[in-house]
Amino acid sequence: MKSTTAPRALSSDAAAAGPTHRSSGSGRGPRRGPATGIRRQLSFSPWLFAAPGLLIVGAFSLYPFLSTLVNSFTDRRTLVPGEFVGLANFRELIHDEMFWIGLRNSALYVVGVVPALIILPLLLALLVQRNIPGITFFRSAFYTPVVASIVVVGLIWVWMLDDRGLINAVLEAVGAGRIGFLSDQWLLLFSAMAVTVWKGLGYYMIIYLAALANVPRELHEAAAVDGAGAIRRFVTVTVPAVRSTMVLVGALSSVAAFKVFSEVYLMAGPSGGPAGEDTTLVMLVQRVGTGLSGRVGYASAISVVVFVVTVALMLLVLRADRKEDA
Amino acid sequence: MSFPKTIDADGRRIAPWQLALRYVLLLVMLLVMIGPFVWQLSTSLKGMHEDIYSSPPKFLPSEPTLDNFGRVAEIIPVWDYAFNSLKVASANVITNCAGAALAGYALARMRYRGRRAATLAFILAMLVPVEGIIIAQFTTMRDLGLNNTLLGVLLPGSIGAMNVLLMRNAFLNLPQEVEEAAFVDGANTWQRFLRIALPSVKGTLAVVAIFAFMGAWDDFLWPLIVLSDPENFTLTIGLNYLHGTFAQDPRLVAAGTVIAVVPLIVLFACLQRYFFRGVGEGAVKG
């Protein structure tokens, strides 16, 4: 509730503050309190400073959030205001086969992508951790997919995984058969997951690098003296030392994975692959809610499910962290 | 332990066989991470009559040509789209830097009633997932009459809540004494902000600028929803359209993606440390 009143309070305050602000430089006219120095001078201008930010954030994040909640209980369409329909949208969801397909795919995406994004970037970070000659080049190179647009990345891999693309040409050259990565429902989803992991590797690698820099070198040396091999040192020294970072990566990547849109949209096409079987939840929101005949109310109900699952995922990861502490 | 030892930049010893293994693994990963980009570049340079489907694949174009870049411009106005993207991205840099610095300063340095509520508003806004509110953003844009315009593409992300909080933290980390001294010398709020506080947070400002540019240039979902008229497409939406309509010639799609990715790779090559710094600060916040 505070969030909605903030922008409104701001606009009235800001208007009233105009002239006062201009004169405040000379140290005149404090209206609020006998306070000292900086405090006295600044009673109105803060709202002017914060106004643009609060306005944008209020109008395009907080207001849409509330209006999504409200719309989910209406039958609003793009061109029709709509009326309150209670839980009708949510009842319809339960019987909507496409909704369950979307929920299944988005959930599968979390299951498939998150473990890979917790482990692989850590291994990659260990690989680029030592300051050997040329290592900054490799670090930058591994980060390049993060910089590229998801559209570029998606289209690059559509061509790589094409029936007659590079991967299949190589497979055929070595005597293995061609694989229809982009025509089979499940292969398509797994390929999209692989692309998500590929694009995310460099990002989480940098996060892990920062965490690894704080692991005392003595721990490794002591373990090595005790005769622990590389794998044992990884399990007994590295993993416990970066565990909180692993939880952070788990939280960030699971929320992102559940909201997946672009990779699948580009690789499976707008309709979500064969018979729409590769549709994700956010793809469904986009398909149902946009355009001139968009069902805003129904799409908002799906969005609410996205919110709820996202929050639940965060809490789940954080709880798992606390349990391990105990 | 009879191996001769070499030494890395931190002065730690590393066995040669281990060093060799590291480089082998690094090169394998280089192939995995950069190879697809190189293959795309190679495809974009192959002529119309060159077989791009050969097995085993041919990595170097036999007669490299820039024809595909001309041909893609005949099918979609790719340079106009690039210019649209540039306009949105540049504007996004300006609005985010100015808006986030001002609001961040207000949250960090000023004393007033409602400051906690204002901070909370930005924190809540940061937590709202964009994917969950795009439909409501779309209807808001329609109400404002801004759907299908570049301004409509720009506005929702024009002052990112996370950028505001990043700037707030940067200002909080500055010592207060300098500004107090300036206050005693008669500098007003605006002067203290502009002349004293702002120059001290240039690094964070650079991070905000870079991520604002990259975010707008790379964005896909929101422009896809808000833009319907091909006149106003940004580059990512234009590429999606190209892919949907002319997928049968991968050379053209490849040329389009090269146009979209080269500016960012150049930017990244020049300003790497800010990119990496942004990941650290963003992750701590996010």
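Biologist: Which word describes A:Ala275, buried or exposed?
Modeller: The model is predicted, so local features need pLDDT of at least 70, side-chain atom pairs count only at pLDDT 80 or more, and totals for chains, interfaces and linings use all residues; side-chain values use heavy atoms, with hydrogens and water left out. Residues are numbered from 1 along each chain as its sequence is written, while chains are lettered from A and ligands numbered from 1 in the order in which they are written. Buried means under 20% relative accessible area, exposed over 50%, and partly exposed in between (1.4 Å probe, protein chains only). The relative accessible area of A:Ala275 is 72%, and therefore A:Ala275 is exposed.

Biologist: What is the phi of A:Ala275?
Modeller: Most residues other than glycine have a negative phi. A:Ala275 lies in the loop between helix H13 (262–268) and helix H14 (281–289) of chain A; helices are DSSP runs (H or I, at least four residues) numbered from the N terminus. Its phi is a positive value, near 55°.

Biologist: Which residue of chain B does A:Gly289 touch?
Modeller: A:Gly289 lies in helix H14 of chain A and is buried, at 0% relative accessibility. Its C-alpha atom is separated by 4.9 Å from that of A:Ala299, ten residues apart along the chain. Contact means heavy atoms within 4.5 Å. Not counting residues up to four places away in sequence, A:Gly289 touches residues including A:Thr78, A:Ala299 and B:Ile135.

Biologist: What area is buried between chain B and chain A?
Modeller: The contact takes 100 residues from chain B and 94 residues from chain A. Buried area is the accessible area (1.4 Å probe) that two parts lose on being put together, summed over both. Carbon and sulfur atoms give 75% of the total, which is about 8,900 Å².

Biologist: Which residue of chain B meets A:Lys259 in a salt bridge?
Modeller: A salt bridge is a side-chain nitrogen of Lys or Arg within 4 Å of a carboxyl oxygen of Asp or Glu. The count between chain B and chain A is one. At 3.3 Å, N to O, the side chain of A:Lys259 meets that of B:Glu131.

Methods:
Helix = DSSP H or I, 4+ residues; strand = E, 2+ residues; numbered from the N terminus.
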